[in-house]
Amino acid sequence: MINDRDANKIVEIITRFARKHSLWVVAYGTGCGAIEVPPTMTSRYDAERFGIRGAATPRQADVLLITGYLSVKTLKRVIRTYEQMQDPKYVIGFGSCTINGGMYWDSYNTIKVLDDYLPVDVYINGCMPRPESVISGFIKLQELIAAGKAEGAEKYKKNLDWYRTNQKKVIKNWKMPDYNW
Ligand code: SF4
């Protein structure tokens with residue numbers, strides 16, 4: 001006979017298993033790294049065998065894939081896209097530019113550290129990362145989901161004021177509706 005606690009645990013394990021094998025991705029082609037997304041998704045590397053596939057809209061997506069440097073102008077759209085996604089949701093920063101600005105580190109119009117503006121669950125390093133690296137980044141995300149450690153969305157909610165302050169510091173013409181959690 002299993003008690004409620006054990007039953008909940010089993011449900012949680014099954015839920016995480018389903019989640020990690022059903023990652024619908026909205027890929028925001030912000031930088032040159034975006035060119036590696038089509039080969040990752042198509043027959044040669046076939047990301048769908050891991051349960052990774054494209055989503056038609058942010059509201060249907062689980063993963064926001066930021067594929068490279070982000071201009072301030074694009075950041076605004078990316079924030080709006082992220083906030084329209086439903087929970088559970090995850091962010092992958094793709095390429096050196098999302099980690100530290102990469103080769104645009106001293107550009108006047110790009111952000112340097114994506115994690116200051118959106119909660120990044122996994123970074124994929126490289127300039128540009130090859131499809132093998134992209135898939136390995138997704139597998140890392142799957143491991144975090146299975147372990148219940150992909151907590152970026154929770155972090156975002158808890159620290160929304162901090163994120164908003166950072167976002168509004170660089171986006172001068174904010175004028176976006178406040179997200180309704
Ligand atoms: S990391 Fe390299 S490939 Fe990716 S956006 Fe930056 S410059 Fe382009």
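Two residues are in contact here if their C-beta atoms, placed from the backbone, lie within 7 Å. The model is predicted. Leaving aside neighbours within four places in sequence, glycine 126 is in contact with Gly95, Ser96 and Ser133. Glycine 126 itself sits in the loop between β5 and α5. It counts as partly exposed, because it has 18 C-beta neighbours inside 10 Å. Valine 113 is 13 residues from glycine 126 in sequence, and the two C-alpha atoms are 15 Å apart in space.

The loop between β5 and α5 also holds methionine 128. A cis peptide bond joins cysteine 127 to methionine 128, with omega about -5°.

Next comes helix α5, residues 131–146. At 1.5 Å a residue, its 16 residues should span 22 Å, and the end C-alpha atoms are 22 Å apart, which agrees. The buried residues of α5 are Val134, Gly137, Phe138, Leu141, Gln142 and Ile145. Seen down the helix axis, these buried residues fall within an arc of 145°, so they line one face of α5. They pack against α1, β1, α2, β2, β4 and β5. Glycine 148 follows α5 and has a positive phi, near 70°.

Helix α1 can be checked for length in the same manner: at 1.5 Å a residue, its 17 residues should span 24 Å, and its end C-alpha atoms are 24 Å apart, which agrees. α1 is hardly covered, with a count of 1 buried residue among its 17.

What lies inside? In soluble globular proteins, nonpolar side chains tend to be buried together. Here the largest nonpolar core has 36 residues, and those with the most contacts inside it are Val25, Val63, Leu64, Leu65, Ile66, Val91 and Ile92. β1, β3, α3, β4, β5 and α5 each supply at least two residues of this core. β1 gives the most, with 5 residues.

Valine 91 is found in strand β4. It is buried, because 25 other C-beta atoms lie within 10 Å, and 20 or more are needed for that class. Apart from residues within four places in sequence, valine 91 is in contact with Leu64, Ile66, Tyr82, Leu118, Pro119, Val120, Asp121 and Gly152. Leucine 114 is 23 residues from valine 91 along the chain, and their C-alpha atoms are separated by 9.9 Å. Leucine 64, for its part, touches Val26, Tyr28, Thr81, Tyr82, Met85, Lys89 and Val91, not counting residues up to four places away in sequence.

Some backbone details remain. Most residues other than glycine have a negative phi, and most peptide bonds are trans. A cis peptide bond joins aspartate 87 and proline 88, with omega about -10°; proline 88 lies in the loop between α3 and β4. Aspartate 46, although not a glycine, has a positive phi of about 50°. This aspartate is in the loop between α2 and β2 and counts as partly exposed, with 14 C-beta neighbours inside 10 Å. Lysine 175 is not a glycine either, and has a positive phi of about 35°. Lysine 175 lies in the segment after α7 and counts as exposed, with 7 C-beta neighbours inside 10 Å.

Note on methods. Residues are numbered from 1 along each chain as its sequence is written. This is a predicted model: local features need pLDDT of at least 70, side-chain atom pairs count only at pLDDT 80 or more; totals for chains, interfaces and linings use all residues. Helices (H or I, at least four residues) and strands (E, at least two) are DSSP runs, numbered from the N terminus. The expected span of a helix is 1.5 Å times one less than its number of residues. A residue is buried if 20 or more other C-beta atoms lie within 10 Å of its own, exposed if 12 or fewer, and partly exposed in between; C-beta atoms are placed from the backbone. The arc is that of the directions from the helix axis to the C-beta atoms. A nonpolar core is a set of buried Ala, Val, Leu, Ile, Met, Phe, Trp, Tyr and Cys residues joined through C-beta atoms within 7 Å.
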